[in-house]
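I opened this entry to look up the salt bridges.

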Amino acid sequence: MDKLINFGKKTKEISKQAGESIVKAGEKVKKASKQLIRRSLADAVRDYIASTLNNTVEEFISELVAEIQENAKEFKDEDKGPLVQQVIFLNLLGYDTAWADFMILEVLSSNDYSLKRLCYTAAGFLWNSNSDVVLMATNRVRKDLTTNNPLFTTLVLSSIPSYLSIPISQHVANDVVSFMSSARADIRQKAIANFYNICVVYPDALRTGFPALKARLDDSEPSVLFATLNVMTEFCRHNPQNFTSLIPKLYKMLEAPASNWICLKLIILLRMLCEVEPRLPKKLIPTFTTLLETTGSATVLFELVRTIIEVPITNTVLLTYATERMKNFIDNSDANLRFLCLKLFIKLMEIQPKLVAQNKEIISNCLDSSDEATRLLALDLLMALANSKTIDGIVAKMFLHFKESISVSFKNTCITRIIEVCSKNDYAVISDFNWYIQVIGDFLDEGGFTCFDIISNQFMDLATRVPATRESLVEMMGKILSMRNYRDATKLLLTALYIIGEYSENSKPLPLIITENILFCDERVQVSALSTAFKLYIRCDSEESFKQAESLFAERLPDFQTGIYAEVQDLAVTTMQLIDTFKDMRDSEEFKEIKDKLTAEYDEDSLPPLEVPEEINGDVELNFNVDDDDDDFLAEDQDGPVDPLVAATAEELKKKEGKKKSSDKKGKDDETKPKIKVRKQNKNTDRGNIVIKAAKKPLFGQQPEKKANPLADAFANINLNEPAQQQAPQQQSQPKQKETKKTEEKQQPEEKKPAEKKKVKGVIKAGRKKIHKTEEPNRPPLKQ
C-alpha cells in the first residue's frame, strides 16, 4: 500500500511539472507568434486606406500608436525596424511623433547599416534643433560621422541639416571641415553642403573652414566643384568683399567651364563681385561676348544677359547683342521665360531706353498672352516707353486689351498705369487735356473695374491744379452721375458732385443731379446731391432757368423727402422751403445780394492766411485708443467687390469675336485682330497757356522699406581677409641689424608652431578652449 501511495504522489508531481512546462511553452509560443505576426509597413498602409473608406481613421491611428509603443517595450533593438518605418509613415501623414524620438535614438546604436539608414532617415523627418533628444544624440552622431565606415558617414551628412543646433555644430564643425578633403567625391560634396548649414547656425565656423572650402575650387570632380560654387555664392550674397582675391581664379574657370551648371554659378559669382570691384565689368566684356556666341543653354544665356544689364556693363556692342539674343525668350512658348525676359527689359530701360523702344512691337504682342503676370509686365513696360509722341498709340493699344480682358485686376492695373504715366512730372506727356479726359471717359463707359479711388483722385487733381479742364470735367461728371454702373462707387460720385458744385458756371447739370439714380446711392451721396443742386439753383441766370429749376425741385424732391435716410429727408424739406422762400423774393435786392455772395469767385492763392487765436494756439494732446480690429474695419479695399458687369462684358466679348477683322502679320501665321482706333491729341494746343498748379501731395505712395536680415549681418561682419593681413611681415620698416639678430627673428615664428601634431588650419576643437575673437567692435551677438 505504501508503494502505491508513493507512486500516486510521484505521478501527481510529474503531471504537475508537465502542466507547468506546457504553460511556459505556450507562453513562449505566444510571444514567438506575436513577433511573427507583427504589423509591417505595407500592412499599416493597407489598413490606413481601409480606414479612410470606413471613416475610422482616428481609431486606426490611435490603435497603431498604442501598438507601436507596446512593441517598442517588448522587441529588441534589432527587431524595431518596422516600427521606425511606421513612425515615419505617421509623420508624413501629419501626426505628432515626438513620443518616438528616444526609440529612434535607441535603434540608432545598432551597427546594422539598414537600421541606421532607417533611423537617420527618421531623424531627418522627426527631429529639429529644439528637440530634447538632439543633445543626447550628439555623441552618437559624431561617432558615426568619424567612423571608418564611409556608408555611416554619408548617412550622418545626409540627415544632420534637419536638426543642427549650436552645440552640435560646434562638435561637428571640425570633422565636416576635414571631410572636405576626403578621398570619396560623394563625401566631399555632402561635407561642403553641410558646411554652409553649420555656418548658418554657427557663423564663426566660416572663418576656420574657408581655406578648406577655397581649396575645393581645384577639385577634378564636377559635382564637388558645383557644390563649392553653390556655397560660395550663398556666402558672397552677404559679404562679397571676402571673395575679391578669388576673382582671377574664377575668371580663368569661366573661360573653360566644365559644364553649363558650373558656368551658371561662375556668372552669378562674378556678377556679385562686380559690386565691390569696379574694374571687373570691363574685364568681362570679351569673355561674355564669346559665351553669348557659343552657349546653347537658355539658363546660361539668361544669366549672361541679366549680368550685363544689372551690373551694368555699358558696352554698346555687348548690350545690343545681348538684347538680340534676349528676343528668343519672348517668342518662346514657356510663359516663365517670357516673364523673365520682360523683367530684363524693364531693367534695360534704366540704361538704354532706345534698345527697348526698338522692340516695342514684340513687347506689345505679350499683351495677348494667356498668363496674367506676363500681361501686367508688358503693360508696365509699354507705359515706361510712353512719351508725348507715343502716348496716343500706347493708350489705344491698352484700351483695346482692356476691352478684351475679363480680369478685374488687369483692368485696374491698366487704368492705374495710364494715370501714373500721364500725371507724371506735372502731366509732361499731355498736350491736350480734353483728350486725356475723354480717354478716362472711354474707360468709364467700358466699365468692369473697381479702382474708383484712383480715378477720383485724378479728377480732383485736374480740377484743382489745371483750371483749363474744369469745363470739360463738369460735363464728364454729369455723365458719371447718370451711369447706373457706379451707384456703389461712393467716392467717385462724391468727387463728381463736388466738381459740379464748385466749378459749374450755370445750372445746366441740375437735371443730372436730382434723379432717380441718386436715390439708390449712399446717404452721403444723396446729401451732397441736394446741397449741389441748391448751389446750381442759385446760379440760374434767367427767369426761364429759375422756373425750370423750381419745377424740377417740385417734381423730384418729394422722392428724397420720403427716402430711407433721416438726414436726407430733413435736408430735402429744408431745401424745398428755401426754394419756396426765394421764389417770392426773386426780384428783390436781398436775393440779388445773397446770390452775389454765394456765387462770388475767388482765388485760393490770393486768400490771406488764417490767424490762429491765442486762446487755442497751444499744444493739444490727443489720445486715441483704437483697437487693431478697428483698423481693419476702417480700411477700405481698393479692389472692392467684383463688378457685376464683368460677366456681361464677357458675353459681349464672345459676340464680338466673330466680328473681328483679319489682318496679315509679316513672317507669321495670319491672326485676327480688331483695328485699333487711336484717339489722338490736338497737337495745335499751346501747352504754354495752360496753368498747372503745384501738387500738394503725391497721388501714389512709396513702397515700404525692407527689414534687416540678422543672418546677413552676422556674415557681413566676418572678414576672411583679416588673418592674412595680420600675418604680413613688418620687417621692412625696421632698421637693419646684425645678421645674427635677423636669423633669430626669422626663427621665432617657426618656434611657435607645434613640431609633431598635425592640425587642419583653423579647425574648431570641440570641448576645449573657446576661440579668441578678433577685433570686431560692431559684431552682433549670436542668437541661440
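My notes on the salt bridges follow.

I am working from a predicted model. I looked up the total, and the count comes to 25 salt bridges.

**Entry: arginine 188 and aspartate 219**

I checked this pair and found a salt bridge, with the closest N and O atoms 2.9 Å apart. I then placed both partners. Arginine 188 sits in helix α11 (residues 185-201), while aspartate 219 is in the loop between α12 (205-215) and α13 (222-238), so the bridge ties together parts 31 residues apart in sequence. Buried or exposed? I looked up arginine 188 and aspartate 219. Arginine 188 is buried, at 9% relative accessible area. Aspartate 219 also counts as buried because its relative accessibility is 10%, under the 20% cut-off.

**Entry: glutamate 234 and arginine 237**

Here the side chains meet in a salt bridge at 3.7 Å, N to O. I found both residues in helix α13, three residues apart, about one turn of the helix. Glutamate 234 is partly exposed at 27% relative accessibility. Arginine 237 is partly exposed too, with a relative accessible area of 47%.

**Entry: lysine 397 and glutamate 361**

I noted a salt bridge with the closest N and O atoms 3.5 Å apart. Lysine 397 belongs to helix α23 (residues 391-404) and glutamate 361 to helix α21 (residues 360-365), so this pair ties together parts 36 residues apart in sequence. I logged glutamate 361 as partly exposed, at 49%.

**Entry: a network**

Which residues are linked in a network of salt bridges? I listed Arg271, Glu303, Arg306, Glu310 and Lys347.

Note on methods. Residues are numbered from 1 along each chain as its sequence is written. This is a predicted model: local features need pLDDT of at least 70, side-chain atom pairs count only at pLDDT 80 or more; totals for chains, interfaces and linings use all residues. Side-chain values use heavy atoms; hydrogens and water are left out. A salt bridge is a side-chain nitrogen of Lys or Arg within 4 Å of a carboxyl oxygen of Asp or Glu. Helices (H or I, at least four residues) and strands (E, at least two) are DSSP runs, numbered from the N terminus. Buried means under 20% relative accessible area, exposed over 50%, partly exposed in between (1.4 Å probe, protein chains only).
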